[in-house]
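Hi everyone, thanks for making time this morning. Let me put the model up, and then we'll walk through it together.

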Amino acid sequence: MRIRVLGSSAGGGFPQWNCNCPNCDGLRRRKLMAHARTQSSIAVSANEVDWLLVNASPDILGQIRDTPELQPARAMRDSGIAAVLLMDAQIDHVTGLLMLRERAGALPLLATPEVLSELDSGFPITRLLSHYCGVAPHPVPTDGRTFTAPGLEGIELQAVPLASKPPPYSPFRGNPRPGDNIGLVLRNPATGARVFYAPGLGEVTPELLAIMATCAVVLVDGTFWTGDEMQRLGLSPKAAADMGHLPQSGPGGMIEHLARLPATTRKLLIHVNNTNPILIEDSPERDELTRRRIEVARDGMDIRF
Ligand code: MLT
Ligand code: MN
Ligand code: ZN
């Protein structure tokens with residue numbers, strides 16, 4: 001089983017178009033040891049031909065261009081992307097659906113009923129697409145039942161409801177429901193190996209940590225180093241917690257939780273915001289991650305399991 005990281009950055013990408021924070025400005029001026037990143041999305045395949053796209057980022061066209069594996073070219077119009085699964089209804093995870101409108105036939109779209117409903121109302125992207133390729137909605141269970149995506153039966157999936165936040169446009173922003181954000185357990189039926197993926201994660205409960213501990217690889221929310229990162233830079237009045245993201249550093253932070261996982265678990269951070277000092281490869285924060293054997297996902301990275 002293969003995961004290709006198509007994009008490893010949070011909303012806005014790195015550098016972000018209008019951002020002159022030390023990271024974005026430093027990358028643009030080539031003064032930092034850092035790599036540009038596109039917005040968070042992964043593709044998963046059991047046979048290296050048919051792919052499940054997990055989240056459809058606004059950068060999808062460039063991500064597809066950079067990934068020839070997604071283009072088996074079996075017909076005049078064709079793509080290896082057989083279905084799309086969404087973790088939430090955030091703009092950085094769904095806007096790329098509009099770029100897939102030339103598809104021949106309805107696009108299988110797997111998401112919770114809560115997310116499918118946002119995409120039919122607050123951000124009516126599925127209604128828009130009904131005038132193009134259309135989508136075939138597949139509500140995913142959040143009660144622990146496993147499921148597969150159509151045409152991708154070699155990838156076993158399980159949704160895990162997460163404490164995080166629905167998008168700013170959602171009427172439920174201040175009052176999240178369990179299906180607004182999910183994490184995903186991907187299982188290779190041939191080996192039994194599992195990967196946990198959660199680009200937006202506000203809280204690691206003991207139950208969630210127990211699920212993560214059953215996985216060979218965890219690929220989790222790396223948005224912010226500190227809870228007040230955006231506030232300190234004067235970029236936003238909001239704390240990480242207000243946005244549904246658990247910061248890495250400090251008491252109760254992601255690093256502490258990851259330290260409780262078995263030593264054999266491969267740990268990676270994804271959905272990294274452009275303000276996060278871990279993007280700078282020679283920063284003390286990045287050194288700390290390396291010491292703790294936590295990796296930072298990068299665009300184009302392959303994870304096999
Ligand atoms: C988030 O992850 O909090 C959102 O994607 C922010 C955004 O809309 O850019
Ligand atoms: Mn995001
Ligand atoms: Zn920035």
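Cys-19 has a relative accessibility of 6%, so it counts as buried (under 20% relative accessible area; exposed is over 50% and partly exposed is in between, with a 1.4 Å probe and protein chains only). Cys-21 is buried as well, at 5%. A quick word on the ground rules: this is a predicted model, where local features need pLDDT of at least 70 and side-chain atom pairs count only at pLDDT 80 or more, while totals for chains, interfaces and linings use all residues. Residues are numbered from 1 along each chain as its sequence is written, chains are lettered from A and ligands numbered from 1 in the order in which they are written, and side-chain values use heavy atoms, with hydrogens and water left out.

Back to those cysteines. What are the protein donors of the zinc ion, ligand 3? They are the SG atoms of Cys-19, Cys-21 and Cys-24 plus OD1 of Asn-274, lying 2.2 to 2.3 Å from the zinc ion. A donor here is an N, O or S atom within 2.8 Å of the metal (3.2 Å for Na, K and Ca), and as water is not among the atoms, sites may look incomplete. The spacing in sequence reads C-x1-C-x2-C-x249-N. The angles run from 99 to 118°, which makes the zinc arrangement tetrahedral (four donors, all angles between 85 and 135 degrees).

Now for the manganese ion, ligand 2: its protein donors are Asp-92 (OD) and His-271 (NE2), 2.1 to 2.2 Å away. Asp-92 belongs to helix α3 (91–94) and His-271 to the loop between β12 (266–270) and α9 (284–291), so the two tie together parts 179 residues apart in sequence. Helices (H or I, at least four residues) and strands (E, at least two) are DSSP runs, numbered from the N terminus.

On to the packing. The largest nonpolar core has 33 residues, and Phe-196, Met-212, Val-220 and Leu-258 touch the most other members. By nonpolar core I mean buried Ala, Val, Leu, Ile, Met, Phe, Trp, Tyr and Cys residues joined through side-chain atoms within 4.5 Å. Among the elements giving two or more residues to this core are β10 (194–198), α6 (206–212) and β11 (217–221). Another core, of 32 residues, lies apart from it and includes Val-5 and Ile-155.

Finally, the charged end of Arg-177 sits over the ring of Phe-172, 3.5 Å from its centre (the rule is NZ of Lys or CZ of Arg within 6 Å of the ring centre and within 35 degrees of the ring normal).

Definitions and conventions:
Four donors count as tetrahedral if all angles lie between 85 and 135 degrees; four count as square planar and six as octahedral if opposite donors are over 155 degrees apart and all others between 65 and 115; anything else is irregular.
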